Amino acid sequence: MGRYVIRRLIQAIPVLLGATLFIFAIVFALPGDPIAALAGEKRQDPNIVMIMRDQYHLNDPLLLQYWYYISGIFLRGDFGKTFAGVPITQLMAGKFQVTLNLALVALVMEAVIGVLLGLWAALRRGQAIDTMILAATLLLISVPPLVTGFVLQLWLGVWLKQAVGTEIFPIAGISAGLRSYLLPGFVLAGTSIAYLTRLTRTSLVETLRSDYIRTATAKGLSRRRVIGRHGLRNALIPLVTFLGADLGSLMGGAVITETIFNIPGIGLQIYQGVYLREQPIVVGIVTILVLVYIVANLVVDLLYAVLDPRIRYE
Amino acid sequence: MRKASTDVLPAEGGLGNEPLLAVEDLHVEFATRAGIVRAVNGVSYSLSPGETLAVLGESGSGKSVTAQAIMGILDMPPARIPKGEIRFRGTDLLKLSDEARTQVRGQRIAMVFQDALSALNPVFTVGWQISEMFRVHRGMSKRDAVNKAVELMDKVRIPAARQRVNDYPHQFSGGMRQRIMIAMSIALDPEVLIADEPTTALDVTVQAQIMELLAELQRESNMGMILITHDLGVVADVADKIAVMYGGRIVENAPVHDIYKTPAHPYTKGLLESIPRVDLKGQELYAIKGLPPNLLDMPTGCAFHPRCPYRQDNCVTDNPPLYEISGTRSSACHYWREVLDGDQG
C-alpha cells in the first residue's frame with residue numbers, strides 16, 4: 001500500500017508539469033503586454049520597462065521562462081511575484097481558504113441532499129415522488145449556474161429579505177460567516193447534486209437487486225437492516241469516487257460562482273489574473289488546483305480499498 | 001381467538017397429523033410488460049421432520065419460485081400469490097403479518113442459495129455475516145456471536161475456522177463459500193431447510209462433499225429439507241421422495257427408488273433417459289425434443305403435450321389432474337399406465 005501511494009505520487013509529477021506548462025503557454029500566447037498594462041494610459045520610462053522585462057524574464061523564450069518559474073516552485077517553494085511586487089503565496093494565502101470553505105460547503109450540501117434524494121427516489125421507484133425527483137434533477141442539470149446564481153440571489157436574497165424583514169441569505173461577500181456560503185455553495189453544487197442524486201438512485205436500485213440482498217432478507221432481517229446495512233454499504237462505493245473527484249471540480253468551478261457572489265477566493269483572483277495577464281497568479285493557482293485534484297483522487301482510490309475489501313493495492 | 005390462530009406459531013412438536021410443512025394448491029404469477037407470467041400453477045407438496053423432498057425440474061419449471069414463496073422473499077409486486085396455502089406446523093404463512101413472517105424466516109425456515117459468491121455480501125467478513133444471525137435474532141454480544149460463528153464453521157468443516165473467521169467471501173474457494181452459506185442457514189437450528197441448487201456452481205467432487213454435509217446435518221437435527229435441483233444424479237442418495245415439476249405444476253410424485261425404476265410420467269421418463277450412461281457409451285445422448293413451455297403462453301391441455309411421445313388427442317384439450325397411482329405415488333398424465341408399463345416412447 002505504501003508502495004502504491006509512492007507510485008501514484010511519482011505518476012503525479014508529469015501530470016503536474018504538463019498541466020502547468022499548458023496553462024503557462026496559454027497565458028504566454030494572450031495578446032497584450034503586462035508591463036504596459038501596469039501604467040494604463042500613461043507614458044512609461046523605457047529604461048524602467050527594460051529593467052522590469054528583464055527582471056520578469058519576459059524577453060526569454062517560453063520554455064526558459066517556464067523553467068525559471070517551475071524550478072522556483074519546486075526548488076525554493078517560490079511561486080513568484082505579481083508585477084506589482086506582491087508575492088503570490090501571500091496573495092493566495094487567505095483566498096485559498098475562502099475557496100476551500102466554499103467548496104467544502106458545496107460538497108457537504110451535495111453529499112447530504114444528493115444521497116438523501118437519491119435514496120428517497122430509489123426506495124419509491126416508479127412512484128410519483130421518484131418521477132418528481134428525477135424531473136427536478138433534470139432541471140438542475142439543464143440550467144447553468146450563471147442562471148441559478150442570479151435567480152437565487154433575487155428570490156432568496158432580495159425578495160425573501162423584503163418579505164421577512166431580515167437578511168437570511170446574504171447575496172455578496174463573506175462577512176456573515178457560514179451563512180454567506182449557503183447560497184453560493186448551493187449554486188456551486190447544483191449540477192453535482194443532480195448527478196449524485198441520480199447516481200445514488202441507480203446504485204441503490206442496482207444493489208437491492210443483488211443476490212446478497214435476497215440472502216439478507218432470507219436471514220429474517222428487518223427491511224430497515226437489509227437496506228441500511230447490507231444495501232447502503234455496497235451502494236455507497238461508487239458515490240465516494242464521485243464525491244472525491246468532485247471536490248477538485250468544485251474548486252475549479254468556483255470561478256463563476258465567486259464572480260456572481262463577489263466572494264474573495266481564488267476563483268475571483270484567477271479571473272482578475274487572466275484579465276491583467278498576471279501569468280504568475282494564474283499559473284500558481286492552477287498548480288495548486290491540480291495538486292488538490294491529484295491528492296483528492298489518491299484519497300478516493302485509497303478509500304475504495306477500505307470500502308471494498310475485494311480491492312487490494314500492491 | 002381468531003388472531004391467535006393466525007399470528008402465533010405453535011412450538012415444535014404436538015401437531016397431530018399435520019405435516020411440518022404443507023404447500024397446498026399454490027399459485028404464483030408475475031406481472032410483466034408482456035403480460036402475466038404464471039410461474040406456479042397449483043403446486044402441492046408436504047414435508048415431515050427428518051424427511052428430504054427433492055423438487056426436480058428444468059429452468060422455469062417454477063421450482064425456485066415455489067421455494068421463494070415459502071421463504072416469503074418474492075418481490076411483491078411484481079409477484080402475486082392469487083391462491084393457495086403454505087402451512088407451517090398448521091399455520092398458513094401467507095396469512096401472517098409481515099412481522100410474524102420475519103420471525104419465521106431464517107430462524108425456523110432457512111435457505112441455502114445456489115451461487116454462494118453472489119449470495120454472500122462481498123463487503124462483510126464471513127464471521128460477521130454468520131454471527132449476524134445471533135446478534136440480531138438472539139441478542140448476543142459481538143464476541144459470543146463470533147464464537148458461535150467459529151463453532152458453526154467448524155461444524156461445516158472449514159479448516160482453521162478460528163483464523164479464517166475474519167476473511168471475506170472472495171478469499172474462499174467455491175466449496176468453502178457454500179459451506180459458509182450452509183453454516184449461516186443452520187445457525188439458528190431451523191426446522192425446515194430449503195436448498196436451492198446448492199451444488200450447481202461447484203465441481204463434481206465438491207458437489208458430493210456438500211451433499212454429504214447437508215445429509216449429515218439433517219440427520220443430526222432432524223430438520224425437514226427441500227432440495228431443489230435439475231440434477232437427477234444428486235438426488236438419488238439423499239432424497240426420500242421426489243416431486244417433478246414442469247410448467248409450474250407437479251407432474252409426478254414418488255418415493256425416490258420407484259421413480260428411477262418405473263417413472264409414471266413421460267417427462268420424468270425423458271429426464272431419466274437423458275442421463276449419460278456408461279453402457280451406452282459412444283451413442284448419441286437422448287434429449288427431450290422441443291423447448292420448455294412459454295409461461296406467457298402455455299400450451300392448451302397438458303403443458304407437456306407438444307414434446308410428449310405418448311400424446312393422444314385428448315392431451316391437447318384436457319389438462320390431466322394428478323392421478324393417484326398408489327398411496328405415495330401420483331402422476332399428471334392421462335396415460336400413466338402406459339408409461340409405467342413402458343409401452344411406446
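Me: Two strands pair if DSSP finds at least two bridges between them. In this predicted model, which residue in strand 7 of chain B is the bridge partner of B:M111?

Reply: Strand 6 and strand 7 (residues 192–196) of chain B run parallel and are joined by 4 bridges. One residue of strand 7 of chain B, B:A195, is the bridge partner of B:V112. For B:M111, the bridge partner in strand 7 of chain B is B:I194.

Me: In what order do the 8 strands of the open sheet of chain B stand?

Reply: The pairing in this sheet is mixed. At its edges are strand 6 (109–112) and strand 11 (323–324) of chain B, each of which pairs on one side only. The order is 6-7-8-3-9-10-12-11.

Me: Which residue in strand 8 of chain B does B:A195 stand opposite?

Reply: Strand 7 of chain B pairs with strand 8 of chain B in the parallel sense, over 5 bridges. In strand 8 of chain B, the residue opposite B:A195 is B:L227.

Me: Which residues of strand 7 of chain B point the other way from B:V192, B:I194 and B:D196?

Reply: In a regular strand the side chains alternate between the two faces of the sheet. Strand 7 of chain B has B:V192, B:I194 and B:D196 pointing one way. The residues that point the other way are B:L193 and B:A195.

Me: Why is strand 7 of chain B largely enclosed by the rest of the structure?

Reply: A residue is buried if 20 or more other C-beta atoms lie within 10 Å of its own. Strand 7 of chain B is largely enclosed because the number of its residues that are buried is 5 of the 5.

Me: At about what angle to strand 7 of chain B does helix 2 of chain B run?

Reply: Helix 2 (residues 63–71) of chain B lies across several strands, including strand 3 (52–56), strand 8 (224–229) and strand 9 (241–246) of chain B. This helix also lies across strand 1, strand 2 and strand 4 of chain B, and runs at about 110 degrees to strand 1 of chain B. To strand 7 of chain B, helix 2 runs at about 145 degrees.

Me: Which residue of strand 4 of chain B is the bridge partner of B:L21?

Reply: An open, antiparallel sheet of 4 strands in chain B has the order 2-1-4-5. Strand 2 (35–47) and strand 5 (91–92) of chain B stand at the edges with a single partner strand each, so one side of each has no neighbour in the sheet. Strand 1 (residues 21–32) and strand 4 (residues 79–88) of chain B run antiparallel and are joined by 7 bridges. In strand 4 of chain B, the partner of B:L21 is B:F88.

Me: Is the crossing of helix 5 of chain B and helix 6 of chain B left-handed or right-handed?

Reply: Helix 5 (residues 126–138) and helix 6 (residues 142–155) of chain B pack at an angle of about 115 degrees, with axes 8 Å apart. Among the residues that meet are B:I130 and B:F134 in helix 5 of chain B, and B:A145 and B:L152 in helix 6 of chain B. The residues of this contact comprise 6 nonpolar, 2 polar and 3 charged. The crossing of these two helices is right-handed.

Me: How many helices does chain A have?

Reply: From the N terminus on, the elements of chain A run α-α-α-α-α-α-α-α-α-α-α-α. Chain A has 0 strands, and its number of helices is 12.

Me: Does A:G72 count as buried or partly exposed?

Reply: A:G72 is found in helix 4 (residues 62–76) of chain A. Because A:G72 has 14 C-beta neighbours inside 10 Å, it counts as partly exposed.

Me: Which helix of chain A gives the most to the side that touches chain B?

Reply: In total, 18 residues of chain A are in contact with 22 residues of chain B. Helix 9 (211–218) and helix 10 (223–261) of chain A each supply at least two residues of the side of chain A that touches chain B. The one that gives the most, with 6 residues, is helix 9 of chain A.

Notes
Residues numbered from 1 in each chain as written. Chains lettered and ligands numbered in written order. Predicted model: local features only at pLDDT ≥ 70, side-chain atom pairs only at ≥ 80, totals over all residues. Axes fitted to C-alpha atoms, helices over the stretch in contact; angles between N-to-C directions. Left-handed = near helix turned anticlockwise from the far one by under 90°. Contact = placed C-beta atoms within 7 Å. Nonpolar A, V, L, I, M, F, W, Y, C, P; charged D, E, K, R; others polar. Buried ≥ 20, exposed ≤ 12 C-beta atoms within 10 Å, placed from the backbone.
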